[in-house]
Amino acid sequence: MNLTPHSKVLVQGIAAPLGFVYTPLMQAYGTQIVAGVSPGSGGKSLHGIPVFDLVEEAVASVGDIDVSIIFVQPYAALDAALEAIAAGIHQIVLIVEGIPPLDMVKLLQTAELTETLVVGPNSPGIIIPGQILLGIHPSEFYTPGPVGLISRSGTLTYEIAWELTQAGLGQSMGVCIGGDAILGSSFPQWLEILDEDDATEVIVLVGEIGGDSEEAAAHYIAEAIDKPVIAYVAGHTAPKGRRIGHAGAIIASQISELGTEIGTAASKVAAFERAKIPVAHHPSQIPTLVKKALRLPSKRSSA
C-alpha cells in the first residue's frame, strides 16, 4: 500500500448517489480527487472534478492515478474494478455491498496477477487521520496518532476510533476490510502493512462472528507480527446460525476441517488468548488495553 496526502484519487461512480454525496466530503478532508468516471456523463464536471466515460480517458487526461474508489452498483463493480486495473491503478476501494461472489472470485484472480490491493467490498474504506480519506468514514471520529485500527465492521470501526480518540489515543490508520463473504484483502495482509508502518505503534483488530478470519489472524499474529495487538470480537450474544447485519456475520459452525465451533465468538476469543493477545470484552475496554501496551497511564482522559 502506498497512500500519502499527495496520492491521486479517482472516483468511479461519481454521479451515483453515494459517490455524489461522499466525493465533496473526501475533498474537504484534503483528498486529492483528480477525476471521476460515470458512463454517459463524460465531459461534465461535478464538484469541480472532471468526469469521464472511461477510466482510460481519465488517465489520459490527468496522468497516472494511485487509487480508485468504486461506488457503482454491485452488478457493475467487477467491470469497474477490471477497468481500473487495466488502466494501471493497483489500489482499489470497493464501497459497494453485495457484489456477486463469482464476480469477486474473478476480480481476485486478476488482482493477484497484477499485484493489486483490493479493500472491500462492503467497506467504508481507509482513513489516515489528518492526511487522506478514501471512502465514507466519519472523519470527525478520528485523530492522528499511533494506533492502527483494522476491522470487519464499518460501524464498529467508527465506534472504536471514537473510543480511542476520547481517551487521547489517535490513530495511524483506520481500515475496514469489509463485511461481505468474499473479500479483497485479509486481516493478515493489513497486519503486515501496519507492522511495517512507521507511524503505527500498536494494532487494534476488531473481529466479529462468522468465518475463520479471526482464528487465522490470531495464528498469523503469533507467527509474524512484532508490534503489540489488541483484539475485540463482536457478536457474543448473537443467536447461532442467524445473520446479524451483513454477510460476514454468519456463524459458519459447520466448517468440517476446522471443527464445529469455528466461527463463534468463543472460538475467536480462545484463538486470540492461545496466541497471548489481549482481548477486550467491550469496546470501552480497548483504550485501557492500548495504553497498557504502550505503557501509558491508564486513567481515561478527554480528547
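A contact here means heavy atoms within 4.5 Å. With that in hand, here are the views. Everything shown comes from a predicted model.

View 1. The chain has 303 residues, and 52% of them count as buried. Its secondary structure consists of 9 helices and 14 strands. Looking at contacts between residues at least 6 apart in sequence, 72% join residues at least 24 apart. The accessible surface comes to about 13200 Å², and carbon and sulfur atoms account for 53% of that area.

**View 2. The largest cavity and the residues around it.** Rolling a probe the size of a water molecule over the atoms shows where empty space is left. Across the whole structure, the search finds 1 cavity of 30 Å³ or more, and the largest cavity holds about 50 Å³ of space. Its lining is made up of Met 1, Leu 3, Val 67, Gln 91, Ile 92, Val 93, Leu 117, Val 119, Ile 126 and Leu 134. Strands β6 (91-94) and β7 (117-119) each supply at least two of the lining residues, with the largest share, 3 residues, coming from β6. What kind of residues line the largest cavity, nonpolar, polar or charged? By class, there are 9 nonpolar residues, 1 polar residue and no charged ones.

View 3. The closest N and O atoms of Arg 152 and Glu 208 are 3.7 Å apart. Arg 152 sits in the loop between β10 (144-151) and α5 (154-166), while Glu 208 belongs to strand β12 (residues 202-208), so this pair ties together parts that are 56 residues apart in sequence. Both Arg 152 and Glu 208 are buried.

**View 4. Lys 268 and its two glutamate partners.** Lys 268 forms a salt bridge with Glu 214, the closest N and O atoms being 2.6 Å apart. That pair links distant parts of the chain, with Glu 214 in helix α7 (residues 213-224) and Lys 268 in helix α8 (residues 265-274), 54 residues apart. Glu 214 and Lys 268 are both buried. Lys 268 also meets the side chain of Glu 215 in a salt bridge, at 3.1 Å from N to O. Here again helices α7 and α8 are linked, the two residues being 53 apart. Is Glu 215 buried or exposed? Its relative accessibility is 12%, so Glu 215 counts as buried, buried meaning under 20%. For Lys 268, the relative accessible area is 0%, so this residue is buried. Salt bridges that share partners join Arg 152, Glu 208, Glu 214, Glu 215 and Lys 268 into one network.

**View 5. Helix α8 and what its buried residues pack against.** Lys 268 is one of the buried residues of this helix, together with Ala 265, Ser 267, Val 269, Ala 271 and Phe 272. Their packing partners are β12, α7, β13 (229-234) and β14 (279-280). Just after α8 comes Lys 276, in the loop between α8 and β14. Lys 276 has a positive phi of about 60° although it is not a glycine. With a relative accessible area of 75%, Lys 276 is exposed.

**View 6. Helix α6 and its cover.** Which residues of helix α6 (residues 187-196) are buried? They are Phe 187, Trp 190, Leu 191, Ile 193, Leu 194 and Asp 195. The elements that cover them include β7, β8 (125-128), β10, β11 (171-176), β12 and α7.

View 7. Take the loop between β7 and β8, where Pro 121 is found: a cis peptide bond joins Gly 120 and Pro 121, with omega about 10°. In the loop between β3 (45-46) and β4 (49-52) you will find His 47. Its phi is near 55°, a positive value in a residue other than glycine. His 47 is partly exposed, with a relative accessible area of 29%. Finally, Gly 88 lies in the loop between α3 (74-86) and β6 and, at 40% relative accessibility, counts as partly exposed. The C-alpha atoms of Gly 88 and Asp 66 are separated by 8.6 Å, and these residues are 22 apart along the chain.

Conventions
Residues numbered from 1 in each chain as written. Predicted model: local features only at pLDDT ≥ 70, side-chain atom pairs only at ≥ 80, totals over all residues. Heavy atoms only, no water. Helix = DSSP H or I, 4+ residues; strand = E, 2+ residues; numbered from the N terminus. Buried < 20%, exposed > 50% of the residue type's maximum accessible area, 1.4 Å probe, protein only. Areas by Shrake-Rupley, 256 points an atom, 1.4 Å probe, with all protein chains shown as cover. 1 Å grid on protein atoms, 1.4 Å probe; cavity = no way out; pocket = protein on both sides within 12 Å on 5 of 7 lines; lining within 4 Å. Points joined across faces, edges and corners; volume = space filled by probe spheres on them. Nonpolar A, V, L, I, M, F, W, Y, C, P; charged D, E, K, R; others polar. Salt bridge = Lys/Arg side-chain N within 4 Å of Asp/Glu carboxyl O.
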